[in-house]
Amino acid sequence: MKTFLLPDLGEGLTESEVVAWRVAEGDSVELNQVLADIETAKAVVELPSPYEGTIAKLHAAEGETVDVGAPLIDFELAGDAPAQAPDAPAGEAPAPSPEGGPVASPDDSVAEVEAEPAPEAQPEKVSVLVGHITVHGGKPTRAKRTWDVEPFVRDERATAAAPGTAKRRAMPPVRKLAKERGIDLQSVRPTGPDGLVTRADLDAVGTASAAPAQAPASTREKVTGLRKHTAAAMTQSALTVPHAATFHQVDVTETLALAKAGDASFLALASRAILLAAKRWPDVTASFHADTNELERFAHVNLGIAVSTDRGLVVASIDEAETMDALELTAQIKDRATRAREGTLSMAELTSSNITISNVGVFGVDGGIPILNPGESAIIALGAIRRMPWEHGGEIVLRDVCTVTVSFDHRVLDGREAAGFLADIAAVLERPALALAR
Amino acid sequence: MSITVPAPDPALAVGLDCPLRVLDLDGTRLPNEVLDGHLTDIDESALTNLYVDMVRVRRLDTEAFALTRQGHLVLWPPLLGQEAAQVGPARALGADDWVFGSYREHGFALLRGVDMGEFARIWKAYAHGGWDPHEVRMAPSQIIIGAQSLHATGFAMASKIDRSDDVALTCFGDGATSEGDVNEAMVWAAAYQAPVVFLCQNNQYAISEPVRVQSGTPLALRPTGFGIPSMRVDGNDVLAMHAAARIAFERARTGGGPTFIEAVTYRRGPHTTTDDPKRYRDEAEVEEWVAKDPIDRVERALERMGANMEAVRAEAKIRADELAKEFRAAAEHAEPPLAEEIFDDVYAQPTKRLERQRAEHLAFAASIEGKR
Ligand SMILES: Cc1ncc(C[n+]2csc(CCOP(=O)(O)OP(=O)(O)O)c2C)c(N)n1
Ligand SMILES: [Mg+2]
């Protein structure tokens, strides 16, 4: 049995996704036969079989992301017969057994099953050659060149510094080992030449004190799944879209009363106010395409609802929301929230929105400047509803007040449109009866 | 030695309107007044040899590509589609001529006799230079676009000064013609009438950049501005490429100075194994060039000549399989270099300082032996 470990398919990549398998477990395959389509950060590529044999196990499902160096496929090789060149002419002597050959090199991507997975060193990409080359481990630091001064300054420097007071010096691998063991180099007695701390010195520390393992000052974990997706989407949006924002404090007492009196939720009523305003300012749902310098306008308002789930934030779309009344919106919002938390939303529902509402008020805050969902031109944040002293009918009374924020893509909308849109939302929230007239 | 600078003359270029071709897509032998006189000795057996060469070069290329996907090599720039543009000129080289190529010159490397084990080590990033250039008369692959054209021109200038009749062939891509190095090389080659042949494999792309964004006129027109005669040739026609190279080498050897050959061809694969050409070009374009395949065309020509194609194909396949197996074994079993090898090839004679550094390194390595 041979286990094929996912190689780095693109100079310095750390993972790849299995897009599709072209073979199934139990299939017999030839050398270089295409086994799968693999998507890297750079390209979708075909994976040719490294062996002739039978597929014993596929370690990943389609759509799954696999780390470079992790097992991808187990092969059953015919008997212990070696992999043979494809279509080798009949009667040809078999290829020399790989087992008979030199020992596999440490970075060999093909390992026996018992072999340890590849070491965790994160390859670093250096752009110099035909494209890039990958440097594993730390980049060697190159000392400044000095051509005509005394060639060997090092000895003097080392002896000049009195041991004990000088900053401890050690070769990079020793420093790394010290760091791994949590040993402060400064606390080690150096015995190496030129006052260098050696491995043996570290070992001496390790056995002498056997200091209790300290909690590390920081830990790192791999960011995956939705978190990773959100990170990428937010970075893209924040870095490519010129954001601007506008706020408004709105007296929502009447809308809140309406929500309490009927079956429509406050969020659904607010959505109605937003949809009515979007009708007057249609570009709030447009999408700016920088690559072609085009503005794409949509026939319908697909209202995205930002839902915070255990796994992270998702935006679920209610397509053609402008055709729905508040009751229907209430049901739809509830449905999206439930299914977002269950993780059962379809890809279409997760990607079709063209404007988004973020109900940050549920976290008790008044507002914030939301980052646009990539491709959209406006996002509305609804703050917490607070009882506040407010001017009403010429008197100061307690009213229900909510801060509404609109973040917008300044390439699509100017302050005038964004403010007009926000003022229209506010007007309906303040006097829901206005909706009859809009 | 006196320096003469020839005047620019557009009449110096042939094939500008239609690349020179002697083998039609269906294998018909087309007459060509420029090339015919240089192909009189090419019979069925000579063409069969060129065919076998191309099949082997392609097989090496596809095997190396697969080995990269399987993690045995780290990078490969494929030449699929450019076999004729390399095999034709490679087989016109004299034994003592030198080749100064880019990173995509696998056909030249194979036919020049570069050891395939060494070659595999380079693309596994286990060796920087690899083979001994003097042994096979081919300089190490050049990654800096176009730099090799200067090396070749320098060699050719020296060859002229030494009154040797060794010719330098430099190979580069379409993109390289936009680099200063290649243009400077042409200036010097023209000024010294140096025996150098500039072979530009116009494979239509410099990574994702199509050639048409680099030049509104055929690339073969550029050298005429330096007074260098030039030929625009069907780069997928191995016979036309062979004849054009013979003309250029002959001119160089007899004191006629430099020649530029634009091989009009196509890179059917990605730029390298890490590139995704679907992002910048249409699959239909690739299909068009599959129809102009350099190997199929020779098969048809051989059929027309009455060759036993079945036997020829079988022979070519055996030789190609052999090569693929040898290359795979070399790639799979290549051993990483020892760290101390870094000191080996800095100077022909190591300096005291280098030797001391090497000793220090070895002492340090010995101090950690077996620990981790
Ligand atoms: C001086 C220099 N600039 C840029 C690069 C990056 N680079 C690598 S390949 C390439 C394209 C070269 O295209 P072309 O000359 O047409 O050769 P091809 O790859 O098509 O064979 C570039 C720009 C480089 N290696 N060297
Ligand atoms: Mg090119």
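Tutor: Start at Arg21(B). Its relative accessibility is 27%, so it counts as partly exposed (between the cut-offs of under 20% for buried and over 50% for exposed, with a 1.4 Å probe and protein chains only). This is a predicted model: local features need pLDDT of at least 70, side-chain atom pairs need 80 or more, and totals for chains, interfaces and linings use all residues. Residues are numbered from 1 along each chain as its sequence is written, chains are lettered from A and ligands numbered from 1 in the order written, and side-chain values use heavy atoms, without hydrogens or water.

Arg21(B) makes a salt bridge with Asp234(B), with 2.7 Å between the closest N and O atoms. The term means a side-chain nitrogen of Lys or Arg within 4 Å of a carboxyl oxygen of Asp or Glu. Arg21(B) sits in the loop between strand 1 (13-14) and helix 1 (44-69) of chain B, while Asp234(B) is in strand 7 (residues 230-234), so the pair ties together parts 213 residues apart in sequence. Helices (H or I, at least four residues) and strands (E, at least two) are DSSP runs, numbered from the N terminus. Asp234(B) is buried, at 6% relative accessibility.

Asp234(B) has another partner. It bridges to Arg297(B), the closest N and O atoms being 2.9 Å apart. Here strand 7 is linked to helix 10 (residues 294-304) of chain B, across 63 residues. Arg297(B) is buried, with a relative accessible area of 1%. Elsewhere in chain B, shared partners join Arg59(B), Glu63(B), Lys317(B), Asp321(B), Arg328(B) and Glu332(B) into one network of salt bridges.

Now the count. Over all chains there are 40 salt bridges. Chain A supplies one of them: Asp400(A) with Arg387(A), whose closest N and O atoms are 3.5 Å apart. Asp400(A) belongs to strand 21 (residues 395-409) and Arg387(A) to strand 20 (residues 378-392), so this pair ties together parts 13 residues apart in sequence. Asp400(A) is buried at 10% relative accessibility, whereas Arg387(A) is exposed, at 52%.

The magnesium ion (ligand 2) is coordinated at 2.0 to 2.1 Å by Asp174(B) (OD), Asn203(B) (OD1) and Tyr205(B) (O). Donors are N, O and S atoms within 2.8 Å of the metal (3.2 Å for Na, K and Ca), and sites may look incomplete without water. The donor residues are spaced D-x28-N-x1-Y in sequence. Asp174(B) and Asn203(B) are both buried.
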